[in-house]
Amino acid sequence: VIRRLRSVLKKTPFEMRMIDLNETVRGVIDFLGAVAHGRDIALKCVPATAELRVKGDAVQLQQVIQNLIMNAMDAVSEAGAREREVSVSTDRSGAWAEIRVSDTGPGIGAEDIKNVFNPFFTTKPQGMGMGLAIVRTIVEAHHGQISAENQSSGGAVFTIRLPIARGRS
C-alpha cells in the first residue's frame, strides 16, 4: 500500500488489471466493518449475483469506495439518523458495472448537490474539500462516471459506473 501511495504521489500510471469488482468492494467492507461497528452503524453489502470484471487499479478503486463509505458513515453519525445504516451494492447495467453507496443520513442540500465533486467544496467544518474531487478524478481515469443524488426515502446515494471489461488479461 505504501509503495502504491508513493507511486501515486510521483504521478506514476495506474496499475491496470482485470479485477472482480465484487471482491474489491467486499475487501473494503471487511476492512471498515470494525469502524462501522464502533460507530453503531449497520454496514451492509449487497453484491451482484454475477462476477463483475472491470479493468482497473484495485488499490485506487478501494480508496474510492472507502472514501464514499466513510463519508456516508459521517453523514449518518452527525445527523443522528433514526436508522444508522450504510449500504453498498454492486450490479450490472448494460455495459456498465455499478457500485452504489447509500446512507440513511440527512441527504445533500439542494444547493450543495451540484458542487459536491468540485475541489475545495466541503460541508464539513474540518473538511478540505478534496475527497470527492479525488474520487471523481480516479473514477474518470477508469473511464467511468460518478453521480450523487438524494433518495426519496432520505439519505444520499453515490453511484459509480465503470465499463465492464472485455476479454481476459
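Me: What should I keep in mind before reading the model?
Reply: Residues are numbered from 1 along each chain as its sequence is written, and side-chain values use heavy atoms, with hydrogens and water left out. Because the model is predicted, local features need pLDDT of at least 70 and side-chain atom pairs count only at pLDDT 80 or more, while totals for chains, interfaces and linings use all residues.

Me: Which residues touch the most other members of the largest nonpolar core?
Reply: Such a core is a set of buried Ala, Val, Leu, Ile, Met, Phe, Trp, Tyr and Cys residues joined through side-chain atoms within 4.5 Å, where buried means under 20% relative accessible area, exposed over 50% and partly exposed in between (1.4 Å probe, protein chains only). Here the core has 39 residues, and Leu68, Ile69, Val86 and Phe158 touch the most other members. Its largest share, 8 residues, comes from H3, a helix in the DSSP sense (H or I runs of at least four residues; strands are E runs of at least two; both numbered from the N terminus).

Me: Where in the chain do the partners Arg39 and Asp74 lie?
Reply: Side chains of opposite charge can pair when their charged atoms come close; a salt bridge is a side-chain nitrogen of Lys or Arg within 4 Å of a carboxyl oxygen of Asp or Glu. Arg39 and Asp74 meet in one at 2.8 Å, N to O, with Arg39 in the loop between H2 and strand E2 and Asp74 in helix H3, 35 residues apart.

Me: Is Asp74 buried or exposed?
Reply: Asp74 is buried, at 16% relative accessible area, whereas Arg39, at 27%, is partly exposed.
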